[in-house]
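Morning, everyone. I have one structure to walk through today. Please take a look at it on the screen before I start.

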Amino acid sequence: MTSLASPSASAAPAGTVRYGLGSYLAFAFSLLCVLVTAVLVLVSERIASDQVRSSIGGNLAELANQTTTRLDRAMFERYREVGLMAQRLGSLEPAQVRAELEAMQRTYANYAWIGYVEPSGRVQAATGGVLVGADVSARPWFGAVMQSGPHVGDVHEAVMLASLLREPSGEPLRFVDIAFPVRRPGQGAPSVLAAHLSWQWARDIEKAISSSIADERGVDVLIVSRDGTVLLGPPDLHENQLHVPSVALAARGRGFTSERWPDGQEYLVGYSHDRGFREYTGLGWRVLVRQDLDTAYTPVRQLQLHLAAWGLGVALLFSLVGWAVARVVTRPLIDLAADAREIEAGGRMRHAQAEPYREVAQLGGALRSLLRTVQQKEAALRDLNVSLERRVEERTAALRETFEHVRENERRIQTILESAPDPFIAVDFSGLVTDWNSRAEALFGWRRDEVVGRSLVEVLVPERYRASVEKAMRMAADTGQAPLSGAPIERVVVDRAGNEIEVELRVGVVDSGKLQLLCGFMHDISQRKEIDRLKTEFVSTVSHELRTPLTAVYGSLRLLAGGVAGQLPAQGQQLLEMSTRSCERLIRLINDVLDVERIAAGRLALRMEPLDLRTLLERAVNDTESYARELGVRLRLEGAGPVPVRADGDRIMQVLVNLLSNAAKFSPRGDEVLVTLAVHGGRARVGVVDHGAGIPPEFRARVFERFAQADASDRREKGGTGLGLNICRSIVQAHGGTIGFDSAPGERTEFFFELALADS
């Protein structure tokens, strides 16, 4: 035993060991790190690339779907408007029909021609008098209405109107026909109300879509008819038959694909088709959104390059770290063997330099030496064991107390969930229900013991939404995050009887490693949704039904004021003026209500074009000057010269006239309203300053809200609908601008807005 423990016997002769344990560990660690890093980079690159490609294609498909929705909603509005007019014409005298048609065309400029046709096929009345007296019985829309009722025809070029109407752009006239039967009491065959909707409205939609994808390079939007003809799109494809797989795929639903087009280029194409809206059944149009494949997949290539670079860097770094760690690991082994022999010899621990040797052999010799001291340590180990047992008992008692505290917390949380006013549901990352409170039982009809352990998708999600919900749950399982976590989300769910319920959902994520849950509170919003829908329909119907008779009343009052019935007495003239002003105020109120509802529904259409803001200001001042003069107020314009912006001139003029008339209305007689125009930081700033009573501090937070009016008595005397500033804010924000005000009560009030310059 003495010979085995001696250094001379255990150490290998010098020069016989070529490599130590540190060298082998460093080499193996470096090789393993390189291989693992390479595998992780390849797998990550493949998964990330597939996800990015799917995300890009999904974005194009969603854009195509949004476009079809806009087309359907726009066509439905025209379809419903013509249907309502057809019902109204049935109760009017023939002499009133022409005025109604002209008024309808003025409400929407894209009606190229509207005509009222007798059962014989002769045009009795039409906008602009075009085709009056002409026989249109051979037109397809006339025959379709006489045979089967309301008709919507696909896009076609003008036939009879080609020489009578001109397109400003010089392109051939193209229409979408909308026709309804007009039934009169005592009349056998119905008359026909026909409207030719100019294809310009589709171009307006295209402009709105193009502005929303301005940041996307190489993206084209195409509208294709049922037979594959390109109705709207790039000039080289316009009016051509398109034979690509995505046209056929779009007929079956929305999605995306990559394909080669007739120009020889490969494109990533998102597709969708129109599905109609309510009574309007659609024309079978397909929408394709394409992007050059190389441009679309640029983020994928950049991701691949970044992953490769990072993977190479990480592999090199881990190799160096592995080498250093291996050296550090083997050094203590050598020191341990030397110290063990030193202690055995009765010396003290020290670290001495040694010749190259095999570490495993040194460790074996040290262990044999340490065996002699094991008996001396047994007593100490027994004492230590007793101490450890006592500490284990203490820790066990502490853990028991902790477990009791945890159980109390669980009971408290369960009580809180059961007392919550809304249904609470929790599922694990695989989609299985883990918690279900009593409010959920009451709303959905399922008891807790019936749904716990079942798939949430099968229990609550309608069939048409299951794929998207399952995808979201897979994403939560992969990333540990739920989409729109913490934000309110509106969703449709079903109860036990299969009835659909609209709810507002707030989702939270619990991810502690071992515990992974998606928790959510649901609030039933079905009643709120129904109230919003009824409100919108009521406002639209009432406003439309009021505006038509008010226009006639207003026209009659203007004729009386102009002396058509002779000179009225002074008292009668005063009453006539009061009636005219009241009628004008009511018409403005109806128009403001319609604008507010149009903005709330997202149907505020903007015709963006280069404009000079200074010229618009001058026009607004001229248009408002007579109104201000009646109030004893002067208007003064000062500021920069020509200021180019890109905006809708009519909408910006609406904002300017509203701000100027408000300033004049609330200024003291004999005062001056100052209009300023300035340019700074790439933006144009318009300010309107008056010196009236100002805005009370308690009202400032509600200035731009609907029907908001200050409580001051002077403002009550001025009247107003309380909608003007709300409309102004919506118009400016739709232009990407900002609007605000500064007010010092009794001294000075300034309303201002800013727009981006056209060349910024």
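**A hairpin, a helix and some rings**

Let me start with a hairpin. Strands β22 and β23 form it, with three residues between them. In the turn sits Gly746, and its phi is positive, about 80°. Keep in mind that this is a predicted model.

How do the two strands pair? β22 covers residues 738–744 and β23 covers residues 748–756. They run antiparallel and share seven bridges.

Now the rings around here. Phe704, Phe741 and Phe751 make up one aromatic cluster. The charged end of Arg685 sits over its ring, 4.2 Å from the centre.

How many aromatic pairs does the structure hold? Eight. One of them joins Trp261 and Tyr267. The geometry is edge-to-face: 5.6 Å centre to centre, with 65° between the planes. Are these two residues buried or exposed? The cut-off for buried is under 20% relative accessible area. Trp261 is at 3%, so it counts as buried. Tyr267 has 8%, so it is buried as well.

Next, a helix. Take α5, residues 140–148. Which of its residues are buried? Trp141, Phe142, Ala144 and Val145 are. Seen down the axis of α5, these buried residues fall within an arc of 165°, so they line one face of the helix. What follows the helix? Gly149 does, and its phi is positive, near 100°.

Last, the whole protein. It has 21 helices and 23 strands. Of its 760 residues, 40% count as buried. The exposed surface comes to about 42,800 Å². Carbon and sulfur atoms supply 55% of that area. On contacts, take those between residues at least 6 apart in sequence. Of these, 61% join residues at least 24 apart.

That is my tour. Over to you for comments.

Note on methods: Residues are numbered from 1 along each chain as its sequence is written. This is a predicted model: local features need pLDDT of at least 70, side-chain atom pairs count only at pLDDT 80 or more; totals for chains, interfaces and linings use all residues. Side-chain values use heavy atoms; hydrogens and water are left out. Buried means under 20% relative accessible area, exposed over 50%, partly exposed in between (1.4 Å probe, protein chains only). Helices (H or I, at least four residues) and strands (E, at least two) are DSSP runs, numbered from the N terminus. The arc is that of the directions from the helix axis to the C-beta atoms. Two strands pair if DSSP finds at least two bridges between them. Contact means heavy atoms within 4.5 Å. Accessible areas come from the Shrake-Rupley method with a 1.4 Å probe; for residues, only the protein chains shown count as cover. Rings of Phe, Tyr and Trp (its six-membered ring) pair if their centres lie within 6.5 Å; planes under 30 degrees apart count as stacked, over 60 as edge-to-face and the rest as tilted. A charge sits over a ring if NZ of Lys or CZ of Arg is within 6 Å of the ring centre and within 35 degrees of the ring normal.
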